[in-house]
Amino acid sequence: MHPRDQTIFALSSGRAPSAIAVVRVSGPQAGVALTTLAGKLPAPRQASRRLLHDGAGQPIDDAVVLWFPGPGSATGEDVAEFHVHGGRAVLAALFAAISIIPNTRAAEPGEFTRRSFENGKLDLTEAEGLDDLIHADTDRQRRQALRQLQGLLGDRARDWRERIIEASALIEAGIDFSDEGDVPAELRAPAVKAIRALHDEITKVLAAQGHSERLRDGLVVAIAGEPNVGKSTLMNQLARREVAIVSPYAGTTRDVIEVQLDLDGYPVTVIDTAGIRETDDPVEQEGVRRARARAEDADLVLWLVEGGRSVDPEAIRSLRKTGGGDRADGSIWIVRNKIDLGGAGPGEPRGEFGISASRGDGIPELVEALVTFAADFFGASEGGVITRVRQRDLMVRASDSLRRSLDLVEEGEELAAEELRAAAYALGRLLGRVDVEDVLGAIFQKFCIGK
């Protein structure tokens with residue numbers, strides 16, 4: 001029997017022990033599992049209290065069971081749920097009782113959601129939204145994931161694809177009637193109008209997204225600078241707890257330290273790096289190398305310098321060169337620390353921040369600026385329809401194919417029709433309805449077992 005035809009089961013709630021645990025069973029043997037353990041099937045979608053028994057007739061637990069006959073279930077298959085007490089012994093006995101039912105096995109990670117996708121209950125963008133919702137750490141991530149799960153991108157992509165197919169039908173009809181005078185021109189005009197409107201619409205959506213797909217992973221901010229300028233102290237201020245060792249001795253931080261922050265709903269990873277300087281210590285040399293690498297990869301660098309000291313232009317210049325191109329000037333901020341000991345104060349000179357990492361002076365203003373930077377960086381993430389790089393790439397492909405079809409339509413309907421098929425194909429891959437087997441494993445294996 002093919003694994004997809006087998007009945008699967010797993011714990012779908014939190015790790016044991018817990019007050020209540022939910023065990024889900026999906027597949028053709030789900031009803032058998034429910035009658036074997038609970039005696040008879042309850043009314044569909046109605047909770048029923050039952051005393052569960054194993055194959056030997058021994059009681060397992062006093063539980064609540066539910067029955068969801070397919071296709072009206074989350075997976076599109078017959079589904080049974082057992083709501084039991086969340087002790088390890090209870091779950092072990094329940095799993096043992098279910099596993100002896102023929103053609104029944106433990107579920108793999110993401111297998112319930114994959115079956116929902118394969119049975120048409122979710123498209124691929126909605127499945128990705130579900131995964132993002134499970135892993136959301138901030139409120140903005142949660143809201144973005146929920147909109148995706150509710151079909152924000154999927155519904156629009158389906159509409160775009162249908163309109164492309166309609167325009168393609170007009171173009172191909174013109175090919176069929178190419179020997180009948182002005183018929184192709186009459187069919188071509190509404191097709192070109194529809195294609196141009198689609199191209200403009202998708203292009204505007206892409207342009208308005210900012211880095212919305214990055215909201216899943218968050219903004220990366222690196223604190224960098226010479227040794228002993230207060231980088232670790234600033235890190236602790238931003239984290240509001242002791243995450244980095246603070247010492248008066250230069251070179252204390254040898255490795256990269258990371259902390260995850262929630263700044264007004266924006267996920268931000270702050271990195272405390274080793275002080276950048278020339279040194280003969282091989283361990284510190286490795287720390288400096290890692291510090292440079294992480295600072296170059298960061299979305300924003302806070303270059304820390306003591307209040308009255310000058311900034312090394314060569315160090316800043318090296319940070320501006322990253323990824324084969326030039327980093328925007330706005331992604332490197334000069335932060336002057338220890339202003340309580342003298343030197344430049346907040347806002348002086350322009351574009352720089354003055355703080356006292358030890359006392360907290362200027363920290364609220366710096367955090368407020370970080371929130372503003374994050375809002376600008378993520379762009380329209382609050383209403384953004386793109387949440388993954390895969391989605392953006394396929395939308396770009398569709399947009400490019402539509403543009404090429406407009407360029408080619410006067411030269412020959414056959415070439416334009418081929419580009420329209422490519423655009424529809426890209427949106428089909430976006431929804432997961434054509435040729436996506438290569439990406440399914442990568443997506444669903446990241447789900448937790450039981451989902």
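Modeller: Contact here means heavy atoms within 4.5 Å. This is a predicted model, in which local features need pLDDT of at least 70, side-chain atom pairs count only at pLDDT 80 or more, and totals for chains, interfaces and linings use all residues. Residues are numbered from 1 along each chain as its sequence is written, and side-chain values use heavy atoms, leaving out hydrogens and water.

Colleague: Thanks! Which elements do the buried residues of α8 pack against?

Modeller: Helices (H or I, at least four residues) and strands (E, at least two) are DSSP runs, numbered from the N terminus. Buried means under 20% relative accessible area, exposed over 50%, partly exposed in between (1.4 Å probe, protein chains only). Eight of the nine residues of helix α8 (residues 231-239) are buried, so the rest of the structure largely encloses this helix. Its buried residues pack against β7 (219-225), β8, β9 (266-272), β10 and α11 (363-378).

Colleague: Which residue just after α8 takes a positive phi?

Modeller: The buried residues of α8 include L238 and A239. Just after the helix, a positive phi of about 60° is taken by R240.

Colleague: What are the edge strands of the open sheet of six strands?

Modeller: Two strands pair if DSSP finds at least two bridges between them. The order is β8-β9-β7-β10-β13-β14, with mixed pairing. Pairing on one side only marks the edge strands, β8 (257-263) and β14 (352-354).

Colleague: And in β13, what is the bridge partner of E306?

Modeller: Strands β10 (residues 300-306) and β13 (residues 332-337) run parallel, joined by six bridges. In β13, E306 has as its bridge partner N337.
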